[in-house]
Amino acid sequence: MLCDELLQDIFTRLPSAPSSSSCSLSVSLDLYVYVSGRDGVDQNRSFDDFDRETGFFLDDGINSKLGLESLFLSGIRSDNFDVGWQWRSCKRLKKLQLKCCSGIEDEGSFSSFVNCLKGLEEIELWVCRSIVDDVLMKLVENYDSLNSLLVYDSGSRDGLLQFLNHTRSNFRKLDLRLHLDLTNNHLLALAMNFRSLSTLRLQSCCPVNGDGLRTFGIVMSSWLEELALINCDVVKREPGLL
């Protein structure tokens with residue numbers, strides 16, 4: 001059984017030196033992150049001493065400011081309890097990778113997650129379908145520092161379209177692996193709003209047709225340096241398109 005005390009101990013033992021600017025943490029989906037003091041754990045500590053705002057016990061004296069610039073988290077579930085401390089521990093993130101996560105918050109911790117995104121330059125969302133829309137919209141509402149985005153399996157077509165139409169970030173690289181979620185409307189939004197884009201990777205963009213790609217190519221040809229189309233049926237359906 002993996003508890004939050006162990007995770008906190010891992011984080012707080014990381015030195016703040018520049019040489020420790022990256023951390024990778026995987027939480028198995030079969031494990032449950034819980035708060036010590038419950039379910040018979042550490043019965044000598046009162047749950048009244050637990051601070052839900054910080055995610056720590058009041059007497060822990062934990063320094064929650066780390067020098068991490070890159071963080072990879074895997075397997076956070078929607079029923080994990082009190083995970084806000086991990087976002088409060090990361091104030092200098094430049095790159096965030098989430099994989100197979102169905103939740104990123106507990107009660108009251110979403111604001112902590114949003115705050116840790118300040119200054120973020122790269123984000124990767126791998127198979128996080130249930131949280132993709134929320135994460136992307138928080139990025140739209142709060143920040144404009146992103147230059148790289150990877151999404152594998154998006155939340156919804158409309159959610160992605162809203163992000164593409166309203167983001168204020170000057171993206172240089174996009175990697176969208178969306179199977180059936182990318183359409184001509186998304187390509188049009190890319191062409192109209194991503195004028196700083198230099199690298200675009202599209203994978204399994206089955207609903208896209210030749211007209212959509214032609215329009216996109218005409219608009220983007222002046223600044224797009226690299227275009228990768230992987231398993232996109234339109235390339236086979238319309239020979240000579242490229």
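# Briefing on buried sites and helix packing

Ser 204 is buried, its relative accessible area being 11%, and this residue sits in the loop between strand 9 and helix 7. The model is a predicted one, and the protein it describes has 8 helices and 10 strands. Of the 242 residues of the protein, 48% count as buried. Among contacts between residues at least 6 apart in sequence, 78% join residues at least 24 apart.

**Loop residues with positive phi**

- Ser 204, in the loop between strand 9 and helix 7, has a phi near 60°, which is a positive value in a residue other than glycine.
- Asp 153, which belongs to the loop between strand 7 and helix 5, also has a positive phi without being glycine, with a value near 75°.
- Asp 153 counts as buried because its relative accessibility, 19%, falls under the cut-off of 20%.

**Ser 154 and its surroundings**

- Ser 154 is placed in the loop that runs between strand 7 (148-152) and helix 5 (157-166), and at 1% relative accessibility this residue counts as buried.
- Setting aside residues up to four places away in sequence, Ser 154 touches Arg 129, Val 132, Leu 178 and Asp 181.
- With one of these residues, Asp 181, the contact is polar and runs from side chain to side chain, at 2.8 Å.

**Ser 145 and the segment around Leu 120**

- Ser 145 is found in the loop between helix 4 (129-142) and strand 7, where a relative accessible area of 26% makes this residue partly exposed.
- Apart from neighbours within four places in sequence, the residues in contact with Ser 145 are Gly 119, Leu 120, Glu 121 and Ser 169.
- A polar atom of the Ser 145 side chain lies 2.6 Å from the backbone oxygen of Leu 120.
- Ser 145 and Leu 117 are 28 residues apart in sequence, and their C-alpha atoms are 9.4 Å apart in space.

**Glu 124 in strand 6**

- Glu 124 lies in strand 6, which covers residues 122-126, and with a relative accessible area of 14% this residue is buried.
- When neighbours within four places in sequence are left aside, Glu 124 is in contact with Lys 95, Leu 96, Gln 97, Leu 98 and Leu 150.

**How helix 6 packs with helix 7**

- Helix 6 (residues 184-193) and helix 7 (residues 210-220) pack with their axes 9 Å apart and at an angle of about 5°; angles under 35 degrees count as roughly parallel, so helix 6 is roughly parallel to helix 7.
- Helix 6 contributes Asn 184, Leu 187, Leu 190 and Ala 191 to this contact, whereas helix 7 contributes Gly 212, Leu 213, Phe 216, Val 219 and Met 220.
- Sorted by class, the residues of the contact between helix 6 and helix 7 comprise 7 nonpolar, 2 polar and no charged ones.
- The buried residues of helix 6 are His 186, Leu 187, Ala 189, Leu 190 and Ala 191, and these pack against helix 5, strand 8 (173-177), strand 9 and helix 7.

- Which residues of helix 7 are buried? They are Gly 210, Gly 212, Leu 213, Phe 216 and Met 220.
- An α-helix has 3.6 residues a turn, so residues three or four places apart point the same way.
- The exposed residues Asp 211 and Ile 218 are carried on the face of helix 7 that is turned away from its buried side.
- The cover over the buried residues of helix 7 includes helix 6, strand 9 (199-203), strand 10 (226-230) and helix 8 (233-237).
- At the start of helix 7, a side-chain oxygen of Asn 209 comes to within 3.1 Å of the backbone nitrogen of Asp 211.

Definitions and conventions:
Residues are numbered from 1 along each chain as its sequence is written. This is a predicted model: local features need pLDDT of at least 70, side-chain atom pairs count only at pLDDT 80 or more; totals for chains, interfaces and linings use all residues. Side-chain values use heavy atoms; hydrogens and water are left out. Helices (H or I, at least four residues) and strands (E, at least two) are DSSP runs, numbered from the N terminus. Buried means under 20% relative accessible area, exposed over 50%, partly exposed in between (1.4 Å probe, protein chains only). A polar contact is a pair of N or O atoms within 3.5 Å; within protein, one must be able to donate a hydrogen and the other to accept it, and residues adjacent in sequence count only if both atoms are side-chain atoms. Contact means heavy atoms within 4.5 Å. Axes are lines fitted to C-alpha atoms, for helices over the stretch in contact, and angles run from 0 to 180 degrees between N-to-C directions. Angles under 35 degrees count as roughly parallel, over 145 as roughly antiparallel, 65 to 115 as roughly perpendicular and the rest as oblique. Ala, Val, Leu, Ile, Met, Phe, Trp, Tyr, Cys and Pro count as nonpolar, Asp, Glu, Lys and Arg as charged, and the others, Gly among them, as polar.
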